Amino acid sequence: MEDKQRIIQELVPGRQITLAHIIANPDSILYEKLGLNPAVEYAKSAIGVLTVSPAETAIIIADIAMKSSGVDLGFVDRFSGSLIVTGTVSQVEAAIQAILLYTEETLGYTVCKITRT
């Protein structure tokens, strides 16, 4: 009889921002694939993508993003810790900078650098 291997997967969330990325001037098809309205969003010229752990922090960073720079909320998932915001490049960058500053200094999170394409 063959022994079966059992795998146990466990998520041990740290307090961290693991991705903070700005997509400047994305093609309109990207908006459609993300479920965003390209007619409205495409004129804004940038998409910000963040992932955070613990996942519930996505609610807090979504609030910070909207209040800090006037970005629009594209998507927030409190279960996976994903956040997508849209706006001008400067709005998206300001929102991400505000999020990183708050989570690092106030919440004591480890944060990553902002990347961009």
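The legends below describe close-up views of one predicted protein model.

**View 1. Overview of the predicted chain and its confidence.** This is a predicted model in which local features need pLDDT of at least 70 and side-chain atom pairs count only at pLDDT 80 or more, whereas totals for chains, interfaces and linings use all residues. Residues are numbered from 1 along each chain as its sequence is written, and side-chain values use heavy atoms, with hydrogens and water left out. The mean pLDDT (the predictor's confidence in each residue, from 0 to 100) of the protein chain is 89, and 88% of its residues reach 70 or more. Where pLDDT is low, the predicted coordinates should not be read in detail.

**View 2. Order of the elements and cover of the chain.** The secondary structure comes to four helices and five strands, which run β-α-α-β-α-β-β-α-β from the N terminus on; helices (H or I, at least four residues) and strands (E, at least two) are DSSP runs, numbered from the N terminus. Of the 117 residues, 33% count as buried, where buried means under 20% relative accessible area, exposed over 50% and partly exposed in between (1.4 Å probe, protein chains only). Among contacts (heavy atoms within 4.5 Å) with a separation of 6 or more, residues 24 or more positions apart account for 63%.

**View 3. Strand β2 and its two antiparallel partners.** Strands pair here if DSSP finds at least two bridges between them. Strand β1 (residues 16-24) pairs with β2 in the antiparallel sense over eight bridges, and within this pairing Ile22 stands opposite Gly48 in β2. Strand β4 (residues 82-87) also pairs with β2 in the antiparallel sense, over six bridges, and Gly87 in β4 is the bridge partner of Ala46. β2 is mostly covered, with six of its eight residues buried.

View 4. Ser53 lies in strand β2 (residues 46-53) and counts as buried because its relative accessibility is 15%. A polar atom of the Ser53 side chain lies 3.0 Å from the backbone oxygen of Gly14.

View 5. Strand β5 (residues 115-116) pairs with β1 in the parallel sense over two bridges, and Thr115 in β5 is the bridge partner of His21. Arg116 forms a salt bridge with Glu93, the closest N and O atoms being 3.0 Å apart. This pair links distant parts of the chain, since Arg116 belongs to strand β5 and Glu93 to helix α4, 23 residues apart. A salt bridge is a side-chain nitrogen of Lys or Arg within 4 Å of a carboxyl oxygen of Asp or Glu. Arg116, at 45% relative accessibility, counts as partly exposed, as does Glu93 at 25%.

**View 6. The salt bridge within helix α3.** A search of the whole structure finds two salt bridges, one of which joins the side chains of Asp63 and Lys67 with an N to O distance of 3.2 Å. Both residues lie in helix α3 (residues 57-69), four residues apart, about one turn of the helix. Asp63 counts as partly exposed because its relative accessibility is 32%, whereas Lys67, at 67%, counts as exposed.

Terms used
Polar contact = N/O pair within 3.5 Å; in protein donor to acceptor, adjacent residues only side chain to side chain.
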